[in-house]
Every structure is written in C-alpha cells, then in structure tokens.
Amino acid sequence: MSKKFHVVTIFPEMLKAYLGFSILKRAIQSNLLSVGIHNLRDYAPDKHKTVDDYPYGGGAGMVMKPDPFFRIVESLWPEKEKRKIILLSPQGRLFNQDAACELAREDKDIIFFCGRYEAIDQRVSDNLVNEEFSVGDYILTGGELPALVIIDAVARLIPGVLGDFCSTKEESFSWGLLDYPHYTRPEHYRGMSVPGVLLSGNHSAINRWRKKQAIKATLENRPDLLEKYVLSDSDRELLEEIKEVSNELDRSN
Ligand code: 4GY
C-alpha cells in the first residue's frame, strides 16, 4: 500500500537528481513511496521524436503536441479509474498544505504532466487531466520543480517517511500560523543570545512565547492567514500585547 507517483517530462534527469537524496531517497528505498519517471520523447512517434510545434493563431514560443501525452497515457495508464493526472501550470488551483493532505489520502496513482516551452495543447487538459495545480504566482521554465515540490510535500505526510516525530507538531498548534523562531547551541553566538525563556525550563512560558512569536510573524508576513485563523481568548491577549508594542514603537518614531 505504498504511494505511487509518476512524472512525465522531457528532462527525466532533473527529477532523478532530487529524488536521489535524503528523506525522499530513503522513503523510496523503504518502499513507502515510488516515483516512476517517464521520458515523453519516448512516446513521440516520428523519427525526430518531436514533442513541440508552432502555435495556431501565431505568437511567441512553441506548444507541446497532444499526441505524445495521449500515447503515454494509453500505453501506461489505460484505466481512467486507476489514475489521477495532474497538470502543473500557473493557471491551476494554488497548491497548499490542505491539497498536500488530499493527495496523501488519494488511492489512485498520481501522474504529473510537466510542460516546457510556452504551453501544452489545450486538448491534453480537456481530455486527460483531472486536476491542474499551481505552486505559486510566478512563471517557471517548466513543470519539473512544481512536481518535485508536490511530491516532497506529500511524501512527508506518509506515515513512516519522517522519523514519526515532528508530524504531529504542525497539526497540533502551528498550522494556520507561521512557525515560531528556533534556536540551538551555542547560547551566545557573535554577540547574539538565545531568548532567556527558552532556557528557563518553564514549559508553559515557553509555549506562550512560541505562540506569541507565531502570531507576530503571521501578523507581519501573512495577515491573510491570521484572518482565517480562529483565535482563542489567550491568543487575543497575545495579539493585543504584540499590537501595543508596535504602537509604542510607532509613537517613538
Ligand atoms: N507556477 N506552478 C508553474 C509554472 C511553467 C506549462 C511551460 C507554476 O506550477 N507550474 O510556472 N509552470 C510551465 C507551464 C508550460 C511552462
């Protein structure tokens, strides 16, 4: 019952490189995860293995031909019910942790189509693709990094892939908020000290400090997340403390 991913790309080596290290490498070796990497060019029927052509209607750049995509699906994943095909593009639904959880629970094989050049022929989306995802509002040169981003985020949700340790951490408290600051040894480094509360051994004070730092970082960098987050009464107190300090700073400027 291991998670099965497949990636369709004209640059298979890019994916192999990243998957050959660290946690993903170990997850694949222990059969918790498998990632099939397929060269789209192998499914181009002409002697030059052509995967792109000029755009109808004109304009800059080349468009990926539909035929190699249809051929690879028909030859490797002919059963519609057993596959989930994901296209990576800036036009897709924004990928986030909720989407990662959904994909981690998916029983079907997950197949990523990685585009290159300007675009992929629309008939691929219309007939083969089940869901389109974007990893962010910027334009990349291809879908390979987005496929790796999603595989990475989903893999660490599979039981056994991480040391079984931190997996609960995010769920318990910081999800929905940004993370708090972390420190390790040495206590004093180049004139910078670790916040005293972290050395106090007072776990309720430490948790309170961490929650306050998490709220502060979220307020500063991701106010959109803070708006969606349901604040408890004690969270509201922390938020008031943060705002008081920032008002004092404003007054002294
Ligand atoms: N952003 N999120 C993204 C992207 C570029 C298909 C070739 C993104 O997922 N993919 O920027 N992809 C690709 C899109 C044609 C360029």
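## A guided tour of the predicted model

Start by selecting A155, which counts as buried at 0% relative accessibility, where buried means under 20% relative accessible area, exposed over 50% and partly exposed in between, with a 1.4 Å probe and protein chains only. This is a predicted model, in which local features need pLDDT of at least 70 and side-chain atom pairs count only at pLDDT 80 or more, while totals for chains, interfaces and linings use all residues. Residues are numbered from 1 along each chain as its sequence is written, and side-chain values use heavy atoms, with hydrogens and water left out.

**Stop 1: around A155**

A155 lies in helix 6; helices (H or I, at least four residues) and strands (E, at least two) are DSSP runs, numbered from the N terminus. Show the residues L24, L33 and V161, with which A155 is in contact once its neighbours within four places in sequence are left aside, contact meaning heavy atoms within 4.5 Å. Then select A104, whose C-alpha atom is separated by 7.4 Å from that of A155, although the two residues are 51 apart along the chain.

**Stop 2: helix 4**

Next select residues 97-105, which form helix 4, and colour its buried residues A99, A100 and L103. Seen down the axis of helix 4, these buried residues fall within an arc of 105°, so they line one face of the helix; the arc is that of the directions from the helix axis to the C-beta atoms. What do the buried residues of helix 4 pack against? Their partners are strand 1 (3-9), strand 5 (83-94), strand 6 (109-113), strand 8 (131-134) and helix 6 (144-155). Turn to the face of helix 4 that points away from its buried side, and you will find the exposed residues D98 and R105 there.

**Stop 3: helix 1 and S22**

Move to helix 1 (residues 12-19), in which P12, L15 and L19 are buried. These residues cover an arc of only 70° around the axis, which puts them on the same side of helix 1. The elements covering them include strand 1, helix 2, strand 2 (33-39) and helix 6. Now select S22, which lies in helix 2 (residues 22-29) and is exposed, with a relative accessible area of 55%. Phi of S22 is near 60°, a positive value in a residue other than glycine.

**Stop 4: two loops**

Y117 is found in the loop between strand 6 and strand 7 (119-120). Phi of Y117 is also positive, at about 65°, although the residue is not a glycine, and Y117 is partly exposed, with a relative accessible area of 38%. For the other loop, select P186, located between helix 7 (167-174) and strand 9 (188-189). The peptide bond that leads from R185 to P186 is cis, with omega near 5°.

**Stop 5: helix 8 against helix 10**

Select helix 8 (residues 203-221) together with helix 10 (residues 233-252), which pack at an angle of about 60° with their axes 10 Å apart; the axes are lines fitted to C-alpha atoms, for helices over the stretch in contact, and angles run from 0 to 180 degrees between N-to-C directions. Which residues of the two helices meet? On the helix 8 side they are R208, K211, K212, I215, K216 and L219, and on the helix 10 side D235, L238, L239, E241 and I242. The residues of this contact divide into five nonpolar, no polar and six charged.

The C-alpha atoms of E241 and K212 are separated by 8.8 Å, and the two residues are 29 apart along the chain.

**Last stop: T218**

Finish in helix 8 with T218, which counts as buried at 0% relative accessibility. The side chain of T218 reaches the backbone oxygen of A214 at 2.6 Å. Not counting residues up to four places away in sequence, T218 touches L177, L178, P223, L225 and L226.

Notes:
Nonpolar A, V, L, I, M, F, W, Y, C, P; charged D, E, K, R; others polar. Polar contact = N/O pair within 3.5 Å; in protein donor to acceptor, adjacent residues only side chain to side chain.
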